[in-house]
Amino acid sequence: VRIARIFNTYGPRMSPEDGRVVSNFVRQALAGEPLTLYGEGEQTRSFCYVDDLVEGLMRLMASAVEGPVNLGNPGEFTVRALAEMVRELTGSASPLVHRPLPPDDPRQRRPDIARAQSELGWMPSIDLRQGLQRTIDHFREEMAQSERKDAKAG
């Protein structure tokens, strides 16, 4: 038995409606809708590209490591910085809108991957900008296909 503790993962083929911050921002930006920030957007998150996660999972499954292993990207970004990067990469002029910060929203989420590094020789290799661009390209194509289907049906 292997135990992986998976942290925020994103990438192509995510559901645009899954409610995660990356998919929400990308979908909103591509649709020209406002990007929703909770509070001032100063809470931090770490985002692991799906290909990196899969590599970590494969290494974990092929290992003899016992006990939980954190798999995620320790790079830390404010939610506001993520929103601004998504706007930049999509070329969107979508405004940022603020909603009240939920009382249970964590200020910081950042995995400690020291064990994955030392015991699996694993660490993420795809930076946020590169992974976001791949994700945006996929969402853009999916949204265009959906619009074409809607146009044919209507």
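Modeller: Welcome! This is a predicted model, where local features need pLDDT of at least 70, side-chain atom pairs count only at pLDDT 80 or more, and totals for chains, interfaces and linings use all residues. Residues are numbered from 1 along each chain as its sequence is written, and side-chain values use heavy atoms, with hydrogens and water left out.

Biologist: How many helices and strands does the chain have?

Modeller: Helices (H or I, at least four residues) and strands (E, at least two) are DSSP runs, numbered from the N terminus. Read from that end, the elements run β-β-α-β-β-β-α-β-β-α-β-α-α. The count is five helices and eight strands.

Biologist: Which helix gives the most to the lining of the largest pocket?

Modeller: A pocket is an open set of points on a 1 Å grid over the protein atoms alone, where a 1.4 Å probe fits, with protein on both sides within 12 Å along at least five of seven lines; lining residues have an atom within 4 Å of a point. The largest pocket is lined by 21 residues, with Gly19, Arg20, Val21, Asn24 and Arg45 nearest its centre. At least two lining residues each come from β2 (9–10), α1 (21–30) and β3 (35–38). With five residues, the top contributor is α1.

Biologist: Is Ser94 buried or exposed?

Modeller: Ser94 sits in the loop between α3 (79–90) and β8. Among its contacts (heavy atoms within 4.5 Å), leaving aside neighbours within four places in sequence, are Gln28, Leu35 and Arg87. Buried means under 20% relative accessible area, exposed over 50%, and partly exposed in between (1.4 Å probe, protein chains only). Because its relative accessible area is 2%, Ser94 is buried.

Biologist: Which side chain is joined to that of Ser94 by a polar contact?

Modeller: A polar contact is a pair of N or O atoms within 3.5 Å; within protein, one must be able to donate a hydrogen and the other to accept it, and residues adjacent in sequence count only if both atoms are side-chain atoms. At 2.7 Å, the partner of Ser94 is Ser92.

Biologist: And is Asp112 buried or exposed?

Modeller: Asp112 belongs to the loop between β8 (96–99) and α4 (114–120). Its side chain reaches the backbone nitrogen of Ala114 at 3.0 Å. Since its relative accessibility is 54%, Asp112 counts as exposed.
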